[in-house]
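The points take the helix pairs in turn and then the core.

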Amino acid sequence: MALNLKRNLKTYYSIKEVSEMFDLPESTLRYWEQEFTFLRPKTSGPAKIRQYQEKDLEQIRLIHNLVKVRGFKIAAAREILLKNRKGADTKADVLEELIDMRTELLALKAQLELL
């Protein structure tokens, strides 16, 4: 069996790390936890420190795509995710790939202009 070098070895992420990943304020993440019942990171200790796992990051990625990238209202995003989760997953994946391709193409264009 081959070793997967791309696999992330970190199990839990703090709210600060997640907010930096998605360029969101921590308060937005807390608000989304109230609005989207399926987004429930693990909490620990008496201070209820949030510990986000990969599955939570995937949920946040979908919500971020719908609300921040595509401009849906919270209620509309919640309805989309509850009614057609698989479709939202697929669209988010495609959009992410297109953004990555655009970034690569712009980098290639910049290199060609230097020639």
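1. Contact here means heavy atoms within 4.5 Å. The model is a predicted one. On that basis, Val18, Met21 and Phe22 of α1 touch Leu57, Ile60, Arg61 and His64 of α3. Sorted by class, this α1–α3 contact holds five nonpolar residues, one polar and one charged.

2. Two packed helices are described by the angle between their axes and the distance between the axes. For α1 (residues 15–22) and α3 (residues 54–69), the axes come within 11 Å and the crossing angle is roughly 40°. The crossing is right-handed.

3. α3 also packs on α4 (residues 74–83), where the axes come within 9 Å and cross at roughly 135°. Angles over 145 degrees would count as roughly antiparallel, so α3 and α4 are oblique to each other. This crossing, too, is right-handed. From α3 the contact takes Leu62, Ile63, Leu66 and Val67, and from α4 it takes Ile74, Ala77, Ile80 and Leu81. By class there are eight nonpolar residues, with no polar and no charged ones.

4. Which residues have the most contacts inside the largest nonpolar core? They are Val18, Leu29, Trp32, Phe36, Tyr52, Ile60 and Ile63, in a core of 19 residues. Two or more core residues come from each of α1, α2 (26–35), α3 and α4. α3 gives the largest share, six residues.

5. Ile63 deserves a separate entry. Apart from neighbours within four places in sequence, Ile63 is in contact with Trp32, Phe36, Phe38, Leu39, Lys68 and Leu81. Leu81 belongs to the α4 side of the α3–α4 contact.

Definitions and conventions. Residues numbered from 1 in each chain as written. Predicted model: local features only at pLDDT ≥ 70, side-chain atom pairs only at ≥ 80, totals over all residues. Heavy atoms only, no water. Axes fitted to C-alpha atoms, helices over the stretch in contact; angles between N-to-C directions. Helix = DSSP H or I, 4+ residues; strand = E, 2+ residues; numbered from the N terminus. Left-handed = near helix turned anticlockwise from the far one by under 90°. Nonpolar A, V, L, I, M, F, W, Y, C, P; charged D, E, K, R; others polar. Parallel < 35°, antiparallel > 145°, perpendicular 65-115°, else oblique. Core = buried A, V, L, I, M, F, W, Y, C linked by side-chain atoms within 4.5 Å. Buried < 20%, exposed > 50% of the residue type's maximum accessible area, 1.4 Å probe, protein only.
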